[in-house]
Amino acid sequence: MIADRDPTQSGIERIYREEYGRIVASLTRRFGSIDIAEDAAAEALLTAVERWPADGVPPNPGGWLTTTAGNRAIDRIRRESHRDAKHQAAFMIADDTPHEPTGLVEDDRLRLIFTCCHPALAPEARVALTLRLLGGLTVAEIAQAFLVPETTMAQRITRAKKKIAVAKIPYRVPSAQDLGDRVNGVLAVLYLVFNEGYLSTSADASPIRDELTGEAIRLTRILRGLLPEVPEVTGLLALMLLTEARRSARMAGGELVPLHEQDRGGWDHALVTEGHDLVRECLALRASGGARPGQYQLLAAINAVHTDAPTAADTDWGQISALYAQLYAVSPTPIVALNRAVAVAELDGPEVALAEVDRLPLEGYHAWHATRADLLRRLGRSEESRAAYDAALALTENEAERAYLSRRRGQLG
């Protein structure tokens, strides 16, 4: 979805980010090379920055960028004195027809995800590469999401692309019999793409990137159509819908609005209803003897409890705490423990929760500091709370979140 037609460089770059995944996926299918696709997309951006301020943004900027990138890719192939037969064939094909069967669905971006999530790649590299290619995230943004140095993330992505080229990993959705084995990696990628849209890590992007949340939901719906019997796919879709339902209420006056302050009348109740129906579907599978729920089903159930409460005061924190305990048994990460501590604060008080939070090794994570700041504020420890807010502000570039944290810091005595 193109948000505007701003012909300035920042506006052009915003359009480019929105269209990046479509461009790279389309060119990868056409030319059989991720490197060619990325380089051509970057050249198309430079051309747009040169031309659009004078000529205006075209009516279909995504199509313009894709066509221009395709032409730049052909120019590159022409310049190469030695090219393999596949690239020669790609150049000769004018109608952009795939070179080989591409799998169960005709969706370039879903095929790109499955390529990047091939078992030959390390798990962390699969997610990072797909966030780079599908979401158009910078290496710095991905490194921040993984809490690792930027140089480490750059090396992971470079190695992953080289592995795809050397191993000749095919660009297609796997066969039906292999699909289930590959789905966990794909779900992880879709979830992280959604999260980047839910709360952007970049100062150069909108605080909430609805093109990413929308794309993640679209692809997850396709995946559920392929694998309706896999509860975790259903759980992830439910989680996304219940989260997306709150989008219009999450911002006010350029400031992030936390869940307990949101106007629940502004939620998309059709999405809430659909999400609740999917959660009930997962519960029915469990009741009929299915496997214990995985992390996406549990996260969806937690969101179902939140969205079922008419007001924040009606939230069933006991049920949420119990669900987080189940989630920690499935995924024992410090971030899950941090979220559970928020529920503990509502049940047992901020002092008990703070003791749990302080034990977590999350000093580089802004939400850890923000949680500590709120708990310290509730305990009347204003100076310590102010320092925690400062630490949280130093670790996030999202302007809406910074506005919220700054306001809360300013309210301290």
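The protein chain comprises 19 helices and 2 strands, where helices (H or I, at least four residues) and strands (E, at least two) are DSSP runs numbered from the N terminus. The model is predicted, so that local features need pLDDT of at least 70 and side-chain atom pairs count only at pLDDT 80 or more, while totals for chains, interfaces and linings use all residues. Residues are numbered from 1 along each chain as its sequence is written, and side-chain values use heavy atoms, with hydrogens and water left out.

Of the 413 residues in the protein chain, 49% are buried (under 20% relative accessible area, with exposed over 50% and partly exposed in between; 1.4 Å probe, protein chains only). Among contacts (heavy atoms within 4.5 Å) between residues at least 6 apart in sequence, 65% join residues at least 24 apart.

Helix α5 (residues 108-116) packs against α1 at an angle of about 75°, with the two axes 8 Å apart. Axes are lines fitted to C-alpha atoms, for helices over the stretch in contact, and angles run from 0 to 180 degrees between N-to-C directions. The angle makes α1 roughly perpendicular to α5 (65 to 115 degrees; under 35 counts as roughly parallel, over 145 as roughly antiparallel and the rest as oblique). On the α1 side the contact is made by G21, R22, V24, A25, S26, T28 and R29, and on the α5 side by D108, R109, R111 and L112. By class, this contact of α1 with α5 has 3 nonpolar, 3 polar and 5 charged residues. Ala, Val, Leu, Ile, Met, Phe, Trp, Tyr, Cys and Pro count as nonpolar, Asp, Glu, Lys and Arg as charged, and the others, Gly among them, as polar.

α5 also packs with α10, at an angle of about 80° and with axes 10 Å apart; these helices are therefore roughly perpendicular to each other. Here R109, L110, I113 and F114 of α5 meet E215, R218, L219, I222, L223 and L226 of α10. The contact of α5 with α10 has 7 nonpolar, no polar and 3 charged residues.

The model holds 2 cavities of 30 Å³ or more. On a 1 Å grid over the protein atoms alone, a cavity is a set of points where a 1.4 Å probe fits but cannot get out, and lining residues have an atom within 4 Å of a point. Grid points are joined across faces, edges and corners, and a volume is the space filled by probe spheres set on the points. The largest cavity has about 90 Å³ of space. It is lined by 12 residues, of which E18, R22, L134, L212 and E215 are the closest to its centre. Two or more lining residues come from each of α1 (9-31) and α10 (210-226), and α1 gives the largest share, 5 residues. The lining of the largest cavity divides into 4 nonpolar, 2 polar and 6 charged residues.

The second largest cavity has about 30 Å³ of space and is lined by F194, Y198, I208, T213, T243, E244, R247 and R250. α9 (176-198) and α11 (231-244) are the elements that give two or more residues to this lining. By class, the lining of the second largest cavity has 3 nonpolar, 2 polar and 3 charged residues.

In helix α13 (residues 295-308) lies I302, which counts as buried at 2% relative accessibility. Beyond its neighbours within four places in sequence, I302 is in contact with I320, L323, Y324 and L327. L323 is 21 residues from I302 along the chain, and their C-alpha atoms are separated by 6.5 Å.

Key
1 Å grid on protein atoms, 1.4 Å probe; cavity = no way out; pocket = protein on both sides within 12 Å on 5 of 7 lines; lining within 4 Å.
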